[in-house]
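Here's a quick briefing to read alongside the model. Have the sequence and the 3D view open as you go.

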Amino acid sequence: MKRITTLVLYLAFTAGVFAIPFEAAFSVSADKQVVFSMGNLQHHPKNGEWRFAANQYDYLSGANDNLAADYDGWVDMFRWSTDNPAALWGVSASTTKSDYLGNFVDWGNNLIGSDTANTWYTLTADEWQYVFTKRANASALLGVAKVNNSNGIILLPDAWACPEGITFKSGFHTKYGASAFAEYQSFSAEEWAIMEQAGAVFLPVGGYLAPNGMYAVGSNGYYWSATKFQDEQAAYFDLQAKLVRRGVQFRYFGSAVRLVKTFIPTTTALPNVDLQSPETKTQMIFHNGQLLIIHNGRTYNANGTLMQ
């Protein structure tokens with residue numbers, strides 16, 4: 001009985017849409033890649049629950065005006081998290097500088113949804129900078145857009161192939177302001193679902209929380225890093241239609257949090273295939289321009305890397 005160790009073109013082709021849930025890799029240094037969480041971090045202070053937004057384009061806006069340790073609702077803006085018990089996780093109404101003195105404590109230390117503690121973590125300022133401007137082909141892998149009525153910035157994975165039927169324009173607008181995002185390009189929820197399936201990440205610009213309330217919703221998006229600056233400030237990134245700006249601010253300001261986890265490639269050699277066995281169930285398909293191999297219910301790319 002003849003056995004081979006590679007799949008050949010006798011395999012059946014299938015047509016139609018096929019969903020492949022795989023983790024797209026983004027370089028945050030010369031030797032490190034990460035996977036972004038499915039949405040911005042959210043918290044219910046009274047219940048102590050943590051979760052990610054249901055959609056990448058979701059943000060809570062005005063609810064953050066109520067940020068306090070006993071608030072009975074969901075928020076997605078946080079003051080900088082330290083080991084100071086006066087304002088744990090940055091979930092506090094306090095705008096007193098001394099309440100945020102101390103060492104950074106990562107939001108990813110918590111149980112988030114069904115994930116175990118320490119699955120996710122916060123990028124440093126240098127890592128954020130790398131994914132925005134320093135990775136290979138960085139300028140082509142970023143573009144401002146309006147996605148399902150939310151303004152923000154799209155980040156594309158290191159290995160990006162634009163899906164059929166989607167036109168993506170990289171870069172920034174030449175002007176600031178909320179209207180500039182849609183002027184540059186827009187995607188419907190259905191179009192975004194296709195891009196997301198191909199690995200795209202969306203960072204909505206949900207404003208920032210100042211001592212007297214929310215500001216710049218829809219025109220600016222503040223995102224915390226894990227990097228401290230002196231004793232009372234920390235580094236953040238301001239996402240706008242015209243640019244991404246790195247800055248520092250007092251820790252009692254509130255910003256969004258988008259967590260990541262380390263990307264670990266899973267390479268699994270394809271098993272020997274018995275061409276004469278009726279139990280061999282293998283298909284070869286093309287999905288979004290990519291050759292995929294489905295063998296016994298598991299999905300591999302053309303290099304034999306397990307994707308599902």
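Which residues of H1 are buried? They are Ala125, Glu127, Trp128, Gln129, Tyr130, Val131 and Phe132, where buried means under 20% relative accessible area, exposed over 50% and partly exposed in between (1.4 Å probe, protein chains only). Keep in mind that this is a predicted model, in which local features need pLDDT of at least 70, side-chain atom pairs count only at pLDDT 80 or more, and totals for chains, interfaces and linings use all residues. Residues are numbered from 1 along each chain as its sequence is written, and side-chain values use heavy atoms, with hydrogens and water left out.

**The chain overall**
- The secondary structure comes to 3 helices and 19 strands; these are DSSP runs numbered from the N terminus, helices being H or I with at least four residues and strands E with at least two.
- Of the chain's 308 residues, 51% count as buried.
- Its accessible surface is about 14100 Å², and carbon and sulfur atoms hold 50% of that (Shrake-Rupley method with a 1.4 Å probe; for residues, only the protein chains shown count as cover).
- Among contacts with a separation of 6 or more, 60% come from residues 24 or more positions apart, a contact being heavy atoms within 4.5 Å.

**Helix H1 and the salt bridges**
- Helix H1 (residues 125-134) is largely enclosed by the rest of the structure, because 7 of its 10 residues are buried.
- The salt bridge count is 5, taking a side-chain nitrogen of Lys or Arg within 4 Å of a carboxyl oxygen of Asp or Glu.
- One of them pairs Glu127 with Lys32, with the closest N and O atoms 2.9 Å apart. Glu127 is in helix H1 and Lys32 in strand E3 (residues 32-36), so the pair ties together parts 95 residues apart in sequence.
- Glu127 is buried at 12% relative accessibility, while Lys32 is partly exposed at 26%.
- Asp126 also forms a salt bridge, with Arg246, where the closest N and O atoms are 3.2 Å apart. That pair links helix H1 to strand E14, with Asp126 and Arg246 120 residues apart.
- Asp126 counts as exposed at 53% relative accessibility, and Arg246 as partly exposed at 39%.
- Arg135 and Asp158 meet in another salt bridge (2.8 Å, N to O). Arg135 is in the loop between H1 and strand E6 (142-147) and Asp158 in the loop between E7 and helix H2 (179-184), so the pair ties together parts 23 residues apart in sequence.
- Arg135 is buried at 4% relative accessibility, and Asp158 is partly exposed at 28%.

**Two buried spots**
- Ser150 is in strand E7 (residues 150-155) and is buried, at 9% relative accessible area.
- Beyond its neighbours within four places in sequence, Ser150 contacts Tyr57, Tyr59, Ala145 and Phe202.
- Val257 is in the loop between strand E14 (244-250) and strand E15 (260-262), and counts as buried at 1% relative accessibility.
- Leaving out residues up to four places away in sequence, Val257 touches Asn40, Leu41, Phe78, Trp107 and Trp224.

**Charges over rings**
- The charged end of Arg51 sits over the ring of Trp74, 3.6 Å from its centre, the rule being NZ of Lys or CZ of Arg within 6 Å of the ring centre and within 35 degrees of the ring normal.
- Lys169 has its charged end over the ring of Tyr184, 4.1 Å from the ring's centre.
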